[in-house]
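Biologist: I'm new to reading protein structures. Could you walk me through one, feature by feature?

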Amino acid sequence: MAEVELVIPARAAYLALARQVVAAAASVEPTFRDERIDDLRLAVSEATTNAIEAHADLSRDEQIRIRCNLADDRIEVEVLDRGPGFDPEAVEQAPDPEHPERLEWERGLGLPLMSELADETEIRSSEGGTAVRLVVYKPRWGHQPGA
């Protein structure tokens, strides 16, 4: 398994770098379709944005770690922050897209989006930080999970 690790300051200015590194790591494997790499890039962008926001209220200048692991059958990306943590089950669900209240809903779409874009999504959170694990499987025999 090949691993790439990126450590960035918890600032929005580094978000594009995180997306580029993850896309470059995924593109090393020629069987990944561009659409799946784009899905992974967007999911990582959401996870990294959440990590940056988790650090907004901290007095110290913490960093965010992004680990990309390219395995035989998948790419795994883990985004780790040292924010205060949260309960993923307690996040309020956005109204249905057709519901009139959705027009005023500006937050809370990142977690469902990550779950939709990645084949697997796992969130572990505690008072010491949050780890978001995103997995996209390589296509095999014409079948691709999550596609």
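This is a predicted model: local features need pLDDT of at least 70, side-chain atom pairs count only at pLDDT 80 or more; totals for chains, interfaces and linings use all residues.

Biologist: Okay. How many helices and strands does the chain have?

Modeller: The chain holds three helices and five strands. If you read along the sequence, they come in the pattern β-α-α-β-β-α-β-β.

Biologist: What should I look for in the strands?

Modeller: Here's the general idea: strands of a sheet pair through backbone hydrogen bonds, and the pairing is either parallel or antiparallel. In this structure, the five strands make an open sheet with antiparallel pairing, in the order S1-S2-S3-S5-S4. Strand S1 (2–9) and strand S4 (120–126) sit at the edges, each pairing on one side only. Ignoring direction, neighbouring strands of this sheet are turned by 10° against each other on average.

Biologist: How many bridges join S1 to strand S2?

Modeller: Eight bridges link S1 with strand S2 (residues 63–70), and the two run antiparallel. For an example you can find on screen, take Glu5, whose bridge partner in S2 is Arg67. S4 and S5 are joined by a hairpin through two residues.

Biologist: Now the helices. How do I read the way H1 and H2 meet?

Modeller: Look at their axes. Those of helix H1 (residues 15–27) and helix H2 (residues 34–54) come within 9 Å and cross at roughly 145°. The crossing of H1 past H2 is right-handed. Then check who touches whom: residues of H1 including Leu15, Val22 and Ala26 meet residues of H2, among them Ile37, Leu40 and Val44. The residues of this contact split into nine nonpolar, four polar and two charged.

Biologist: Which strands does H2 lie across?

Modeller: H2 lies across S1, S2, strand S3 (74–81) and strand S5 (129–137), and runs at about 10° to S3.

Biologist: What about the nonpolar core?

Modeller: The general idea is that in soluble globular proteins, nonpolar side chains tend to be buried together. In this structure, the largest nonpolar core has 31 residues, and those with the most contacts inside it include Leu40, Ile64, Val77 and Leu134. S1, H1, H2, S2, S3, helix H3 (110–117) and S5 each supply at least two residues. H2 gives the most, with seven residues.

Biologist: Can we zoom in on one residue? Is Val136 buried or exposed?

Modeller: Val136 belongs to strand S5. Its relative accessible area is 1%, so Val136 counts as buried. Leaving aside neighbours within four places in sequence, Val136 is in contact with Phe32, Arg36, Leu40, Arg74, Ile75, Ala118 and Asp119.

Biologist: How far apart are the C-alpha atoms of Val136 and Ile37?

Modeller: They are separated by 8.7 Å, although Val136 and Ile37 are 99 residues apart along the chain. For the chain as a whole, take the contacts between residues at least 6 apart in sequence: 66% of them join residues at least 24 apart.

Terms used. Residues are numbered from 1 along each chain as its sequence is written. Side-chain values use heavy atoms; hydrogens and water are left out. Axes are lines fitted to C-alpha atoms, for helices over the stretch in contact, and angles run from 0 to 180 degrees between N-to-C directions. Helices (H or I, at least four residues) and strands (E, at least two) are DSSP runs, numbered from the N terminus. A crossing is left-handed if the near helix is turned anticlockwise from the far one by less than a right angle, and right-handed if clockwise. Contact means heavy atoms within 4.5 Å. Ala, Val, Leu, Ile, Met, Phe, Trp, Tyr, Cys and Pro count as nonpolar, Asp, Glu, Lys and Arg as charged, and the others, Gly among them, as polar. Two strands pair if DSSP finds at least two bridges between them. A nonpolar core is a set of buried Ala, Val, Leu, Ile, Met, Phe, Trp, Tyr and Cys residues joined through side-chain atoms within 4.5 Å. Buried means under 20% relative accessible area, exposed over 50%, partly exposed in between (1.4 Å probe, protein chains only).
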